[in-house]
Structures are given as C-alpha cells and as structure tokens.
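Here is a friendly walk through one protein chain.

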Amino acid sequence: MKPKRLLALFWTLFLAHGSLAQEHDHHAHHNMSVSDSGMVMYENKTTLPRGCDQISEDIELTIHAGAKYAENTPGMTFGMSQHEVRAPGCSRLTITFINEDQVRHQWMVHGLPKYLYSAGMFHLEAMAGRQVTGTFIVPPDDRTYLVHCDMAQHMEKGMKGQLVIGRGSGNLWSVRGVSDAFNRAPYLPDTTWPLAALALLLVAGVVTRLRR
Ligand SMILES: [Cu+2]
C-alpha cells in the first residue's frame, strides 16, 4: 500500500474511533436510553432533589398524543389526552407516553434543576405508533413547568402543556383547556373593559341628551 493511502486509512480509523467515543460520551452525559420505540432522556428514579427528604408520592400516568386529540379544537393539528399534569412536590412521576400518530412526538419538561437534570429537562420521545415510559422526581417548590413536543411546529399546533407542582407558579399561556390562546397584556386590570363600556354608555347618554 502506498504511504498516502496508508495515512488515509489511519485517519479514517482514527476519526471513526473518535466519533464512536464521542457518541458514547454523549449517551452517558444525557443519561439516555434508546429503543425501537423511542427514547428516554434524563431519567431519574432514585436521586432526591434538594429539599426533599423522601419521595412524597409515586404517581403513574399515561398520556396519549395524536391528531385525534385536536379534532375538536379549530386551528390545532395535534394534541394530548391531557395538557396539564398536577403533582405534589418531591413526587416521583412515571409517565407512559403513547404516540397514536404516524409521526414522532415528544413529552418534554423544561426548567428542572440542572444539578440533577443536566439540561434542565426530562424528555420522552415516542416513534410513530409506539410508546415509551420514563421516570423522574420533581423538586419540592410550588412551580409550573412547561411541557411540550419540540418537533417543528408541534407546540404551536397544539402540543403545549404544563406540569403544576404543588400550587404552581401561575398558568402558562395557551395551554389547551387551561388558559387563553394569547398572552393577556398584564398591565390592563380585569376592570378595564367594563369601565370602558361604562364610559361609552355615559358618552352616548350625554350625546342623546344634547340632541334633544
Ligand atoms: Cu409532536
């Protein structure tokens, strides 16, 4: 073999080894398990979050995803069997995520503490027509976490939800069955529109009187 070719071969082997090692590292880092059915990332069955002395409750839930769950909602393409999950602080949630569609779907929780969930996430991904099950333990604090499917446009098309721990920290906007589709302007008090209507009636009344 010519030296140049030999060098090329060495390089190929070297690079292949490097990418394999990286792949391995990647898996370990993200605590990921992959199967034909999909993927579970950042699973945590045993490590208690800070501020938890023990598991407060073991909760098992089955959540379905699919176009079927958007049938009665105009403008939406996808949906879930439930868009809100409520659980007490320090509970351990085991979620079985069943995908009834012919495209991939995810059930991702964001904003979890990074000392325990390295990207602040818990992530289930089910291939078309498949189901995956994963477990995680939530922190003690009252907080509302975003749950969504991160496939392109799926959240906008209906796959947005929330995980409410304890009393939560307020509803997220545009969660089906929970909150309005648009973020309400927070600077307008609830009485703004009734007051505006009253003002309009008064003006109308004055105008009518002046015309008499
Ligand atoms: Cu999806």
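## A loop residue to start from

R176 sits in the loop that links strand 11 to helix 2 (192-211); helices (H or I, at least four residues) and strands (E, at least two) are DSSP runs, numbered from the N terminus. This is a predicted model, in which local features need pLDDT of at least 70 and side-chain atom pairs count only at pLDDT 80 or more, while totals for chains, interfaces and linings use all residues. Residues are numbered from 1 along each chain, following its sequence as written.

Is R176 buried, exposed or partly exposed? It counts as partly exposed, because it has 19 C-beta neighbours inside 10 Å. The scale works like this: a residue is buried if 20 or more other C-beta atoms lie within 10 Å of its own, exposed if 12 or fewer, and partly exposed in between, with C-beta atoms placed from the backbone.

Setting aside neighbours within four places in sequence, R176 is in contact with T73, G79, H83 and G158; contact means that the C-beta atoms of two residues, placed from the backbone, lie within 7 Å. R176 and Q82 are 94 residues apart in sequence, yet their C-alpha atoms are 8.8 Å apart in space.

## The chain as a whole

The protein chain holds two helices and eleven strands. Read from the N terminus, the elements run α-β-β-β-β-β-β-β-β-β-β-β-α. Of the 212 residues in the protein chain, 25% are buried. Among contacts between residues at least 6 apart in sequence, 68% join residues at least 24 apart.

Within it, strand 3 and strand 6 run parallel and are joined by eight bridges, and I63 stands opposite F97 in strand 6.

Why is strand 11 (residues 160-165) described as largely enclosed by the rest of the structure? Six of its six residues are buried, so the rest of the structure largely encloses it. K160, Q162 and V164 point one way from strand 11, while G161, L163 and I165 point the other way.

Strand 10 (residues 143-148) runs antiparallel to strand 11, and six bridges join the two. Across this pairing, H148 stands opposite K160, and Y145 has L163 as its bridge partner. Strand 5 (residues 84-87) pairs with strand 11 in the parallel sense over four bridges. There, A87 stands opposite I165.

## The nonpolar core

L163 also belongs to the largest nonpolar core, which has 32 residues. A nonpolar core is a set of buried Ala, Val, Leu, Ile, Met, Phe, Trp, Tyr and Cys residues joined through C-beta atoms within 7 Å. F97, W107, V109, L124 and L163 have the most contacts inside this core. Among the elements that give two or more residues to the core are strand 2 (38-41), strand 3 (58-66), strand 6 (92-99) and strand 8 (121-126), together with strand 10 and strand 11.

Which residues does L124 touch, leaving aside its neighbours within four places in sequence? L124 is in contact with V40, I95, F97, Q106, W107, V132 and G134.

## Two residues with positive phi

Y42 lies in the loop between strand 2 and strand 3. Its phi is near 65°, a positive value in a residue other than glycine. Y42 is buried, because 21 other C-beta atoms lie within 10 Å.

S174 takes us back to the loop between strand 11 and helix 2. S174 has a positive phi of about 65° although it is not a glycine. With 16 other C-beta atoms within 10 Å, S174 is partly exposed.

Conventions:
Pairing = 2+ DSSP bridges.
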